[in-house]
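Good morning, and thank you for coming.

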Amino acid sequence: MNGKLEYWVKIPIGPIHPALEEPEKFIITLDGERIINVDVKLGYNLRGLEWIAMRRNYIQILYLAERICGICSFSHNHTYSRAVEEMAGIEVPERAEYIRVIIGELERIHSHLLNLGVVGHTIGYDTTLHLSWLARERVMDILEAIGGNRVNYSINTIGGVRRDLEEKHIRAILDMIENYRNEVMPKIEEIFLYDPTVEARLRDAGVIPKRIAIEYSAQGPTARGSGVKKDVRYNEKLSVYPDLGVKPITPKEFTGVVKGDVFDRMVVRVGELWQSMELIERAIDQMPEGKIKAVPKDNTLLFQLKKAEGEGIGRYEAPRGELIHYVMAQKGKDVPAKWKMREPTFPNLFAIARALVGEQVADVPVAIASIDPCLSCTDRVAVVDANTGRKKVLTERDLLRLSIEKTRELNPNVRAKPEVVGVGCPRGGVL
Amino acid sequence: MNVLYATLGFLGIYAYVSFASLLWGGIDRKLVARMQRRMGPPLLQPFYDFLKLVSKESIIPRDANRFFELAPVLALATSIALLAYTPLGFEPLFGTKGDVILFIYLLTLIGFLRVVGAVSSGSPYAQIGAQREMIILVSREGPMMLALFTILWRLSDLGVTKPFSMGTFYEHNVWELGTPMSIMGAVVLLLVFMAWLASEIEVGYFDIPEAETELAEGTMAEYSGRHLALFELANAIKAFVSASLVVVIFFPWGISGYIGLTGLPAVVIDLLFHTLKVFAVLFVSMSLFRAVTGRLRINQAVTLFWTRMLPAAIVGALLLAIDTLGVVA
């Protein structure tokens, strides 16, 4: 076996690669065209959001949470709000919950349409990309009309929503659903469920069996595509979702079989597009009148949160899977002691890396795209020695020293004395 | 004197085909963009790209060997040599007996030089692209050659001056055989040739060696600047020449005879009409194909060639041959 080692080729997919939208590295060991090992390297896109949050109050973090990811900005914001609400015991008005459902499902539609296009692009079928992204514009326009922005609509706040849905918005949403039902969805189904090219490329690519999906704790459409009935909205009876009759979608209802491949994940996404439209319609029907914020004024809210103690966990089914935010309060301060989130991409990434072993190199981009990776929200600190491969725990002081060394390495002209202590880092041990 | 005219004509053809093939690149991009509901780049974008690439510095990898720089030059030289045997609405300039074999060799040589350049670059992406290019090259040439030689063999029976040459198609064409069997056979072979053409210019199903989203342009991964420009031009000419082959076999008719022109005007008119036919063939085999299909895996493409195209070529060849063999009276 050792003699064979030299024929193995290692190719890096990333950090910069046309198939990846964000910097991440997959080192793929190949035997011919067959993959024999996949190594995932995270940490190219660390933005230190958790650290930045230590200097912001609860309301300011809302806007930071939104910027974790551009595609599921509402999901992050919403989950964070749920965590803080649980921590401080704030009751959210029912109308606000319905508005959250509507915005959340609109976001799911736009996220799924985006991902369907991306998957089409990675198999070289650019027409699907342009079709589904053209359809996506309509949802984006509606989100802009409601929230004021196409991407970070900041509609959520702790204890409710900041903007009410008006009659014209509701009409626009219903118009859009009508249009999607009649014109967009038949085309999307035609392309993603019945096109021979798509089927040839996506069937049996990146297969995640049910057992692996459970073992690696895969989330969202990745898990449901493998036949795991896992959906936070359904399992946790989240907010008003039980009244709307939400069900986890598995490919079984559409194609009759569950294989756990890329095709099944696409089927789940197409199914969820239908489901989201239904949910929005029901939510609009059932939405009661009333106020939309538990605490009308931000100052009062901050004062209330300052007194809060304990910790809270928010969960929500983001388009990519289960999103968890954890907030720990500091009594007497309006900044949280700890804010931590777990994104669906993180478990999915390792599940897909496991699933890629034994497949062809041509399946790598499409399999990675099929879990809809959001790498900017996944990156955390992980220090690995490149030479020995050993991991070690670094203290704050080490990190500062390393960053100063790196700066000097990159720019030898910086001649200032390295100041290890007191470079804008909060003292007092909240880290 | 004759040699001088031939050389001047050859240079003229080279200049014209370079222009036409790059122009087709622009038309193709615009058409595909319109099919995908996009605006698309300007019509002359390939010219801008080419000029910009020529003016830019070419980066050569540290691990690259001499062939890395040589391959693009040789590829362009090969494509220019190819033009001497390409029928462009009139008989090839240097056409002679049996030049079809040379034609196919030169056409394959461009692909082979891409492989040489890619392997010499030392990049893993390029190496995988080169592997794929070789595999698909081997698969696609078989059915095409079988089809082409069957047609030529059948035509040479009709009594041509230069058998097995491109000039044959200007004396007789495949539809002239006239029997129902041969027409059916020719239709089957047309499909084989269309698939071969799509594979030769690497679009749609067969965009496998360059696979942008998988291998970051594969064989071309390490090329930049002037070297890339040479390859781009060589590829554009190759697309035009490959389509010319399909046109000359299946749609060889000129229009100069009908409007009663002779001499130079006839040549110009035929050349323009031929270009139009080439664009039409490329539209079907390149633009439409690219707009409605994605890329296959390499094993699927190879399977397609060996289990679909090769049997189709054999069936087509047998249908063509049946009259001569006397199986059906």
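Helix α2 of chain A, residues 58-66, is mostly covered, with 7 of its 9 residues buried. Please keep in mind throughout that this is a predicted model. The buried residues of α2(A) are Y58(A), I59(A), I61(A), L62(A), L64(A), A65(A) and E66(A). Against which elements do the buried residues of α2(A) pack? In chain A they pack against the helices α1 (49-53), α3 (73-88) and α14 (298-306), and against the strands β4 (156-157), β7 and β8 (338-342).

Strand β7 leads me to the next feature. Strand β6 of chain A, residues 311-318, pairs with strand β7 of chain A, residues 321-328, in the antiparallel sense, over 8 bridges. The two strands β6(A) and β7(A) form a hairpin, and 2 residues lie between them. Within this pairing, A318(A) stands opposite G321(A) of β7(A).

I turn now to a sheet in chain A. This open sheet has 3 strands in the order β1-β2-β3, with antiparallel pairing. Which strands stand at the edges? They are β1 (9-13) and β3 (34-41) of chain A; each has a single partner strand, so one side of each is left without a neighbour in the sheet. On average, neighbouring strands of this sheet are turned by 20° against each other, direction ignored. Strand β1(A) is joined by 5 bridges to strand β2 of chain A, residues 25-31, and the two run antiparallel. One residue pair to look for is I13(A) with its bridge partner in β2(A), F26(A).

Helix α5 of chain B, residues 124-156, packs with helix α11 of chain B, residues 298-325, at an angle of about 10°, and their axes are 9 Å apart. That angle makes α5(B) roughly parallel to α11(B). The residues of this contact between α5(B) and α11(B) divide into 19 nonpolar, 4 polar and 4 charged.

Helix α13, residues 262-286, and helix α16, residues 363-370, both of chain A, pack at an angle of about 30°, with axes 10 Å apart. The pair α13(A) and α16(A) is therefore roughly parallel, and its crossing is left-handed. From α13(A), V262(A), R265(A), M266(A) and R269(A) meet V366(A), A367(A) and S370(A) of α16(A). The residues of this contact of α13(A) with α16(A) divide into 4 nonpolar, 1 polar and 2 charged.

Finally, I draw your attention to two backbone details. D204(A) is not a glycine, yet has a positive phi of about 60°. D204(A) is found in the loop between α7 (196-202) and α8 (210-215) of chain A. Is D204(A) buried or partly exposed? Its relative accessibility is 44%, so D204(A) counts as partly exposed. In chain B, R37(B) also has a positive phi, near 60°, in a residue other than glycine. R37(B) lies in the loop between α1 (2-35) and α2 (45-55) of chain B. Because its relative accessibility is 60%, R37(B) counts as exposed.

Definitions and conventions
Residues are numbered from 1 along each chain as its sequence is written. Chains are lettered from A and ligands numbered from 1 in the order in which they are written. This is a predicted model: local features need pLDDT of at least 70, side-chain atom pairs count only at pLDDT 80 or more; totals for chains, interfaces and linings use all residues. Side-chain values use heavy atoms; hydrogens and water are left out. Axes are lines fitted to C-alpha atoms, for helices over the stretch in contact, and angles run from 0 to 180 degrees between N-to-C directions. Helices (H or I, at least four residues) and strands (E, at least two) are DSSP runs, numbered from the N terminus. Angles under 35 degrees count as roughly parallel, over 145 as roughly antiparallel, 65 to 115 as roughly perpendicular and the rest as oblique. A crossing is left-handed if the near helix is turned anticlockwise from the far one by less than a right angle, and right-handed if clockwise. Contact means heavy atoms within 4.5 Å. Ala, Val, Leu, Ile, Met, Phe, Trp, Tyr, Cys and Pro count as nonpolar, Asp, Glu, Lys and Arg as charged, and the others, Gly among them, as polar. Two strands pair if DSSP finds at least two bridges between them. Buried means under 20% relative accessible area, exposed over 50%, partly exposed in between (1.4 Å probe, protein chains only).
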